[in-house]
Structure formats: structure tokens, C-alpha cells
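Please keep the sequence and the structure in view while reading.

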Amino acid sequence: MERSQINDILEESDRFIRSFGYILPPFAYWSPEEMRRRTTSDGKNIRANRLGWDITDYGQGNFDELGLFLFTVRNGSAEDLAKGRGMLYAEKIMISRKDQLSPMHRHNIKAEDIINRGGGKLVLELFASAEDGSVDPDAKVSVLTDGVVRNLDAGGLLKLDPGESVTLMPGVWHAFWGEGADVLIGEVSTVNDDLTDNVFREPIGRFSTIIEDDKPAHLLVSDYDVWL
């Protein structure tokens, strides 16, 4: 992805988020220079727990069809998770554009509530895991939707209207997209680790390769190791 495209998506996404009354935290608007300065002092937790902007085309170069916007608002640590006490949770706000696919994947550790916060329908394609962790093409899959058990056939489509949510436990394979309009998505989960806890069905990457054709308006979490 080109940096100029990323800058445009940041601006568009912020407007879309605000249109639903959700306001991002102050550090979202720090310049790269302020991020560099403060993540060595009072803001070091932002870098350590990888809070902030995240735009991905999964390394495929076709964001409009295969991609996702994310912002990690809060996140605990792997150390707390290992101890079983402390900040064991994370929160993200995401945007799935109309017909934009977030590809089939599962998590080894993270359980998550995926919430339609507004816009169109959020459609999820769901599979259970086989014993070896791969997609089971035959097994039914059971999930909670706002506390109510839903049973679907393998590859069944779960459609969530605004206000509805689904709980996905580790091992549940899922892909999702917006139907009818762009969708604002909330995610509440156990500690999030995008470096090691995403298992994709197809051999794709989690982060984008960036062509630096412009200066970054704000840094992405994938920029931190290079820029900070």
C-alpha cells in the first residue's frame, strides 16, 4: 500500500467512526514526532502493547476487496495473561467496508466478542476446527450471539444487524465483510497479539508492505519497530 493511500484511509475512517459518536483517544492524533518522543517517556505503554492505527491489505495489494481498518484502543500484556491476573483484555474499533473481505482465520489464544456498532449488516462465515487445527469442512459450529446459542452448518453465514454481537472462542475459523454498507465493528477480547496469534487458512500476511510516497500523517502499529 502507498503511504498516501493510508493517510487518506486514516482521515476517512476517523470521520466514519465519529459519525457514530465514537471518539478515538488523544494519542490517535499524535504526529510521528510526538509519538517518537512520548513512547520513550510517558507513552511507552502505547508502543509496548501496540496500541493505535492498523490498516492492512494482508500483503495482497488490493485493499478495497481484501482488507480491514483497525484501531487498538487498549490492550493488556502477554505477561499478565500468563499470570492470569492484571489487564487480561483488549478493545479494538474496526471498519469493514461493503463487500471488503477480512479473510478466513482463527486464533490460538484470543476469545473475542465481535460487535456490529453501526452501518450495514456484518456477515461472518464460520467453521469449526478439526483436531489438527485446520478448517473442518463438515462439523457444525456453535457460537453465542448476545448470550443466545446459535448452531450453524460448516461455512454457515451469520448476519449481525447493528447492536448485535457474536462471541468467538479460540479455534473458531471466521471470515467477515460488510453487507449493504460499510460497518463499524467493536471488538472486546482477551489480550491481543497480532504478531503470533493469527492463523490464516491461506498463506497471506497480517500486515501491509508500505511504499513511502508521502510522509505519514500518523504511525501505524506496524511502523513502530521501524520509526520509533
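Among the elements around the largest pocket, helix α4 gives the most residues to the lining, namely three; helices (H or I, at least four residues) and strands (E, at least two) are DSSP runs, numbered from the N terminus. The model is predicted, and local features need pLDDT of at least 70, side-chain atom pairs count only at pLDDT 80 or more, while totals for chains, interfaces and linings use all residues. Residues are numbered from 1 along each chain as its sequence is written, and side-chain values use heavy atoms, with hydrogens and water left out.

**Pocket and cavity**

Both kinds of space are found on a 1 Å grid over the protein atoms alone: a cavity is a set of points where a 1.4 Å probe fits but cannot get out, a pocket is an open set with protein on both sides within 12 Å along at least five of seven lines, and lining residues have an atom within 4 Å of a point. Grid points are joined across faces, edges and corners, and a volume is the space filled by probe spheres set on the points. The largest pocket holds about 350 Å³, and of its 21 lining residues, Asn75, Val191, Asn192, Asp193 and Asp194 are the closest to its centre. There is one cavity of 30 Å³ or more, and the largest cavity has a volume of about 140 Å³. Its lining consists of 18 residues, with Leu68, Leu70, His105, His107 and Asn198 nearest the centre.

**Nonpolar cores**

In soluble globular proteins, nonpolar side chains tend to be buried together. A nonpolar core is a set of buried Ala, Val, Leu, Ile, Met, Phe, Trp, Tyr and Cys residues joined through side-chain atoms within 4.5 Å; buried means under 20% relative accessible area, exposed over 50%, and partly exposed in between (1.4 Å probe, protein chains only). The largest core has 26 residues, and Ile17, Leu24, Ile46, Trp53, Ile55, Phe69 and Phe71 touch the most other members. Helix α1 (3-18) and strands β1, β2 (68-75) and β3 (89-96) each give two or more residues to this core, with α1 giving the most, five residues. A second, separate core of 22 residues includes Tyr58, Leu66, Leu122 and Leu158.

Asp54 lies in strand β1 (residues 52-56) and counts as buried because its relative accessibility is 2%. Its side chain is joined to that of Arg206 by a polar contact of 2.4 Å, the term being used for a pair of N or O atoms within 3.5 Å, where within protein one must be able to donate a hydrogen and the other to accept it, and residues adjacent in sequence count only if both atoms are side-chain atoms.

Phe207, in the loop between β11 (198-200) and α5 (224-227), counts as partly exposed because its relative accessibility is 22%. Leaving aside residues up to four places away in sequence, Phe207 touches several residues, including Asp54, Tyr58 and Asp194, where contact means heavy atoms within 4.5 Å.

Tyr58 lies in the loop between β1 and β2 and is buried, with a relative accessible area of 3%. Most residues other than glycine have a negative phi, yet phi of Tyr58 is positive, near 55°.
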